[in-house]
Amino acid sequence: MVDLVLIPHMKFDLSGPWKVKLDPQNCGETEAWYAAPLETDVSADLPGTVAEAGLGDVPDLETQWTGSIYDRSWFHEPELESYRNTKPPHFPFWLTPLRRYVGVAWYEREVEIPESCVGRSFVIELERPHWQTSLWIDGELLGSGESLSVPHYVEHAGLKAPGRHRLTLRVDNAIREIHPGQDAHSISDHTQGNWNGVIGQMQLRFVNAVEIQSVQLRPDWQRNRLCVRGLLTCEQAIRGSLSVKLQPAGKPTSAVRSVQASVATQAMDHRFELELDLEGVERWDEFHPILHEVSIVFRSSSGVEVVWCEQHGFRDFGVRGTRFAVNARALFLRGNVDCCVFPKTGYPPMDVEAWMRYFRILGEQGFNHVRFHSWCPPEAAFAAADQCGFYLQVEAPTWPNHGVSIGQGDPIDGFIYRETERLLEQYGNHASLCMVASGNEPFGARQVSFLAEYVRHFRERDDRQLYTGASVGTKWPMVRESDFIVHSKPRGLPFEAERPHSLFDYREQIAGHAQPFVSHEMGQFCVFPDFEEIAQYSGLLKAKNLEMFRECFLQQFDAATARRFLQASGQLQLLCYRAEVEAALRTPGLAGIQLLGANDFPGQGTALVGWLNAFYERKPYVDTGAVRRWLGPVTILARTPGFVGCEGETLWWEIEVANFSDADLTLALLEWELVECGTDGDQRIEAGSFICPEIPCGSVSFLGRVSHTLTQISSARKWMFRVRVADISNEWPLWVFPRPNALNIPDTIHIAHTWDIALQHALDEGKDVLVLAADAIQNGREVAQYFRPAFWNTSWFQMAPPHTLGLHIDPTHPVFDGFPTEDHSDYQWWELVQDQPVANLEFFPKELQPIVQPIDTWFINRKLGLLFEFRIGKSRVMVCTAKLDAEDPSRPVAAQLYRSLIHYMSGAHFQPRLSVQASVLAELFECKARKQYDVGTDEKPEELIPELPAEAP
């Protein structure tokens, strides 16, 4: 038997400058550009992109984008013409690349092959090309690739001569036969952008005489055994031994487990399977992301040694009733949806350090899970998630909708299968890879049967992960064969029809489902733009959208107002996210949530839905510690019928604890207190405590009920109900009000409800006037105001209500001496804003500052008012657009504001500084045609929802 020889220096780094030539007409392959050196002096550094090389076109109005646009008002509105005529234009739909190229690009470089490698087979690896590739060497085609998820590998049996050899790479980022969907985050301009290039590791590796490949680590927890499968490739018949060793990573002196077997092979492939004992091995989870080093060594009888070594965690991720379980302990997924937002480069990072920062930031907020929406991250992300203890859901890189559908036998069907096969092969050993889906919200009448077969196929192929058909919204069908469901039924706040409370949960929405149910894309609450963030866009993607929004805003307001709007809308955003998350935790058996999102989504019209910006930096209004109180592994919950109380009512709170930590809480002391909040500190109203004998982990436990009867409430106040268990705390606001009763209105104040003769006479006489305009206001009637802020953004959903982002309030104004408020919307304002009209102050002097100002959508920037004051001649005028009633016992907040207004207008502080003409007030009540927002298209996002035949369950 001839002895084997291993080759030293087996890898050649292919990074560096490559010649590059664009092929927008896609003629290079027909004209055989690969057959001779490229005729170009232009070069580009790879890893990198065409845009980083300064190539491609500056975007303009004729650019054919990869992504849907449902609001075309920007293209035709006369006042936006100046933003269309810049180079590049100020596109409001997503971030704008400095350069953009979609089509074929050719790259070329030479590689020096030493004499010792002649005749040796080799593999070329291209990590994360975008996205369809072909590779030639010296004009000979090596192979092609199509994956958006894993590296492209091409092989060659061996070169016949040493020296310089020419590599020619063709990369095509256009949608052709395979259509992943133009809004898929793997390719869309909505987020990372549709770039051309290769951004990861590039190497030529010579295949050795003996290699260990295709290793799969498969724990069998019923037998506490680790099955190690792999492929030993040999050029010739060989004898030797194969050993597997397992030990904690970074601890060379720790206990080592090993197993060894003899090997006698014929030439070529030898598949092996060895088992190790896992009894007592520390398991991986979010609290203990323990990694072990697995090494496989082959030693030939002549002493040749080949080693395979990687670090991985070992966990048992499965189902326990309707919850997920890790290592037999029930868990709750606290997830964020990742849509591939990386504005500096326009593509995801390929290094572990960057992904470690990413997961640490999310972990600080309280997350333990990420869903990668219609894309799969690179190897570095899985390695970082392993170290940080995150449970990942990845998807085949498709959003097969809007021009493409699944289950019809089109190329996308096979691509979804191939991509899933590839990502399981590439990343399946990672403990963090726990859940897999085919993609996002597909179209297709046969989608249910297609996805059911998809789940069955991959569950049988690799049971280390759990599978679902697709992540879908409310009107999509569910694939009941799935191991788990990701669907949007269990989300939303009921506050459009009900006074805010915390009794609700989502048990009805998930009733009848035996498998774990995860809330799909929960949240999507808008916040006003942070214009100071614009300076951070120093990379390849520019925030021309934010620049346009800022300039349009500053035509009406100033920069200080923008900061106030950001702070005020941000507080409402967090209130709504918290309300949804706590409702989800209160829901018996709900398996988890996937928020959309903790970070902004810069596309689809610009969805500013995050309390983190696009760079994963927290916004100015965010207190991370406060977020963790409702998004951490242990959360104290309180079910209460409301956050507003009236004298004589008995308030109550049912206290629960969601304990999804790694340990039971035993003999814990629960302490509670009810305090009145004041400028000089908090004053305790009542307090108590009781012992909780046990709060088991993996469950939500009812701990007790606290009640308090409101007596002797002579003035409105803000209280706080606080609970602490061990080092965990939470708190909920409560506004208490006197009982509404008859209000004595001085004769000096005229009450008006519209512009009429009586109001005109009052102004002529110089009387003080309170205009309660809720029923008659016209200018502003088109603005839909709810308690919650706009969903996703008003442009993408074509001005679907609501249009506002909450309130900015001047809490120092003396009108609030009898009405507790801060500078933003909170629960006590629900009575005064939910479905209540606003005034459009477009004809009032710019200097007018409303006392209570609804924050308009940044796409229009109307100056709105809910409460504002001014003079007309000798009259002092106050206008309120909220419906007020002094004696309605069901509306104590409205009664108290009415009382506070009368008290203020009767006193010396009522001194409006700004004067206006009577005609300006009268215009608010005129019935006339007014300009409406025109989206300029009949297409709607709802058209993505498939119409399904009887196949759907």
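**Reading cores and contacts in a predicted model**

Modeller: Phe816 touches Ile809, Asp810, Pro811, Thr821, Trp829, Ile851, Val852, Leu867, Leu897 and Ser900, leaving out residues up to four places away in sequence. Contact means heavy atoms within 4.5 Å. This is a predicted model: local features need pLDDT of at least 70, side-chain atom pairs count only at pLDDT 80 or more, and totals for chains, interfaces and linings use all residues. Residues are numbered from 1 along each chain as its sequence is written, and side-chain values use heavy atoms, with hydrogens and water left out.

Colleague: Which residues touch the most other members of the largest nonpolar core?

Modeller: A nonpolar core is a set of buried Ala, Val, Leu, Ile, Met, Phe, Trp, Tyr and Cys residues joined through side-chain atoms within 4.5 Å. Buried means under 20% relative accessible area (1.4 Å probe, protein chains only). Here the largest core has 197 residues; Trp355, Phe359, Trp611, Phe816, Leu867 and Met878 touch the most other members. Helix 9 gives the most to this core, with 14 residues.

Colleague: At what angle do helix 9 and helix 10 pack?

Modeller: Axes are lines fitted to C-alpha atoms over the stretch in contact, and angles run from 0 to 180 degrees between N-to-C directions. Helix 9 (residues 559–586) and helix 10 (residues 624–631) pack at about 25 degrees, with axes 9 Å apart. So helix 9 is roughly parallel to helix 10 (angles under 35 degrees count as such).

Colleague: Is Gln182 buried or exposed?

Modeller: Gln182 is buried, with a relative accessible area of 19%. Gln182 lies in the loop between strand 12 (163–172) and strand 13 (197–198).

How values were computed. Helix = DSSP H or I, 4+ residues; strand = E, 2+ residues; numbered from the N terminus. Parallel < 35°, antiparallel > 145°, perpendicular 65-115°, else oblique. Buried < 20%, exposed > 50% of the residue type's maximum accessible area, 1.4 Å probe, protein only.
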